[in-house]
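Reader: I am new to this structure and would like a close look at one part of it. Please start from a single side chain and go on from there.

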Amino acid sequence: MPPHEFLGKSIDEVAPEYVAKLTHDNIEKVLQTRTKSYATYEITIQKEKRYYEIRYTPMGENRVLSTMRNITELRNAELEGKRLEEQLHQTQKLEALGRLSGGIAHDFNNALAGIIGAAEILTEEHSKGEEKEFVTLILTAANRATDLTKKLLTFSRAEVSEKYPLDAQDIVTETVALLGHTVDRAITLNTEITARDTTIIGNTSLLQNALMNMGINASHAIEKTGTITFSLKNTHLDKEYCLSSPFNIEEGDYLEIGVRDTGCGMSPDISAHIFEPFFTTKPTGEGTGLGLAAVYGAVQEHAGAITVYSEPGQGTIFYIYLPLAEPLSLPVQEKNRQLPRGTETILIIDDEELIRKTASHMLESLGFTVLTASNGREGIELFQKEHHRIDGIILDMIMPVMGGQETFSLLRDVHRDIPIIISSGFTKEKDMEQLRAKGRVFFLHKPFKKFDLAELVLRACRN
Ligand SMILES: Nc1ncnc2c1ncn2[C@@H]1O[C@H](COP(=O)(O)OP(=O)(O)OP(=O)(O)O)[C@@H](O)[C@H]1O
Ligand SMILES: [Mg+2]
C-alpha cells in the first residue's frame, strides 16, 4: 500500500478489523497504565504470511506513539532454525540407529550363514523323512531372517554395493511389471516419464528393491481401488536446496523418481518416523518396519535424497533424487550397448520369487521363452517333462527343499549336456572348481544386469 493511501486515515480504515481492535485495546491500556506495551500480529497477503510487531509508548497526557515493524524475515529465520534443529536431531537419530543396527545385522548375517550352510549339508547328505522336514523348517526360517538382516544392512549401509551406469527407466519399467503381478487388480499402475536423461550411476538390485518396497507400501495404503504412479523427471537442485536438505547432496542435475499413491496418507507424527527401522503401523506379523529404512539406506548409498509429502485421506508422494551420471564420465553407456536377443527356452530354478520374476521379465523382453520352478524338486520334474524343448537352465545354488548341488546332479542325469548357469550371490571357489569339471557350466553373479544375463545365456546355449 503506497503512503498516500493511508496517510491521515484512522487505523480502522486501513487495517483489518482484528488489527484495529488490537491497536485500540493497547492504546487504551497504555493510556491507563502509562507504561509501554507491545503486540505482534500476522496477516496473510497473497497467500504469504507476514508478521508485524507494534510498540506503544505513552507520550504525555492523552497521546500514544505507536511504531510498527515488519518482522517477517526475523520470524521466518526463527522458524527455519527450529525446523533445521529438528531435522538435525532426526538425522542424528537415524545415524545412531544405523550404526547400532549395522553392527547387529552384520553379526546376525554371519550367524545365519553358518546356520544355513549347516542345514544345507544336512538336507543334502543326511536327513530323511521327518528329519528332513525339520531341517527344511530351519532353512525357511533362516532364509526369512536373512531377508530381514539384508534390509537392515541396506539401511545401515554396512556393505558397499557395486555401482555402474544404468538406465533408471529400465528399473522403473521392471518394477511396474513386477508390481503388476503382485498387487490387487483393482489398483491401477501408471508411469509418467518426462525425463530426457535417465542414466545414473547405481546398483540395479538396490534400486529395484527400494522401488518395490515403496510400491508395496503404496498398495497397502490403498483400501480398495486406487492408483500408484511412478514418475521420472529431470530437475536441478540448487545450492540452497542442497544446504537445507538433511541429506549430503551437492548442487547439480538430478533424476527425480516420484512414487505417488491415492491411498490413506499419513499424519505428520507418522511421517516423521517412517524411515526409522522397525517403525510400522501394521499389525504384528504383517510389517517389520524395515522397508523404508532400507529405502533410506539405498538412497544414501546413491548420494541421493528422499522426501515425503502426505496428508491423511489424500495420499502420499515420495520423491527420490539421484544425481545424473556425467555424460563424459561414462565409458560405455548401457543404453548404447546392443542388448543381445535370442529365441531359446530357458528354465529358471530359484526359490526367490523376485529373482524368478526379474530374470523371466528380462529374458522374455529379449525374445527368450522362460519356464520357472521355485525349488529343486519342482525344477527336476519340469525338466523331465520338458527337456526336449529346454536349451539351458539357470540354477540357484542356495535353496531350501533341495539344494543346488543335488539338483545339479539330478538335472545332469536327465540330460548330460544341458548347459547350466549357476546363479549365486556367493559361491566358494572350491565349489566352483568342482562344478566346472562337470561340463557345460557357467556362473552368473547375483545381482545381475540385463545385459550380462542375456549375454551369458546366449553364450551358454550356443557354444
Ligand atoms: N505410501 C504410504 N502411504 C501411507 N503410509 C505409508 C506409506 N508408506 C509407508 N507408510 C507408513 O510407514 C510405515 C513404515 O513403512 P515401512 O515400509 O518401513 O514398514 P512396513 O511397510 O510397515 O513393514 P515392512 O518391513 O514389511 O515394509 C508403514 O507401516 C506405514 O504406516
Ligand atoms: Mg513396507
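This is a predicted model: local features need pLDDT of at least 70, side-chain atom pairs count only at pLDDT 80 or more; totals for chains, interfaces and linings use all residues.

What is the relative accessibility of K49?

Author: K49 has a relative accessibility of 44% and therefore counts as partly exposed. Residues are numbered from 1 along each chain as its sequence is written, chains are lettered from A and ligands numbered from 1 in the order in which they are written, and side-chain values use heavy atoms, with hydrogens and water left out.

K49 has a partner. It forms a salt bridge with E42, and the closest N and O atoms are 3.8 Å apart. A salt bridge here is a side-chain nitrogen of Lys or Arg within 4 Å of a carboxyl oxygen of Asp or Glu. E42, at 36% relative accessibility, is also partly exposed.

By that rule there are eleven salt bridges. One of them joins R260 and E192, at 3.2 Å from N to O. This pair links distant parts of the chain, as R260 is in strand β8 (residues 252-261) and E192 in strand β5 (residues 187-193), 68 residues apart. Helices (H or I, at least four residues) and strands (E, at least two) are DSSP runs, numbered from the N terminus. R260 counts as partly exposed at 33% relative accessibility, and E192 is partly exposed at 37%.

In another salt bridge, the side chains of E386 and R389 meet at 2.8 Å, N to O. E386 is partly exposed at 21%, as is R389 at 35%. Elsewhere, E53, R55 and R69 are joined into one network by salt bridges that share partners.

At 4% relative accessibility, D396 counts as buried, and its place is in strand β13 (residues 392-396). UniProt lists D396 for "modified residue: 4-aspartylphosphate" in an unreviewed entry. UniProt positions are given in the numbering used here, feature names are shortened, and annotations may be inferred rather than shown by experiment.

Rolling a probe the size of a water molecule over the atoms shows where empty space is left. On a 1 Å grid over the protein atoms alone, a cavity is a set of points where a 1.4 Å probe fits but cannot get out; a pocket is an open set with protein on both sides within 12 Å along at least five of seven lines; lining residues have an atom within 4 Å of a point. Grid points are joined across faces, edges and corners, and a volume is the space filled by probe spheres set on the points.

There is one cavity of 30 Å³ or more. The largest cavity has a volume of about 40 Å³, and its lining consists of I348, I349, D350, I355, A359, I394, D396, S423 and F448. At least two lining residues come from each of β11, α10 and β13. By class, this lining has six nonpolar, one polar and two charged residues. Ala, Val, Leu, Ile, Met, Phe, Trp, Tyr, Cys and Pro count as nonpolar, Asp, Glu, Lys and Arg as charged, and the others, Gly among them, as polar.

E352 lies in the loop between β11 (345-349) and α10 (353-364). E352 is partly exposed, with a relative accessible area of 32%.

Of its 25 lining residues, R83, Q87, Q90, P246 and V308 lie nearest the centre. The elements giving two or more residues to this lining are α3 (72-126), α7 (239-244), α8 (268-271) and β9 (305-311); α3 gives the most, with seven residues. The lining has 13 nonpolar, ten polar and two charged residues.

Conventions:
Buried means under 20% relative accessible area, exposed over 50%, partly exposed in between (1.4 Å probe, protein chains only).
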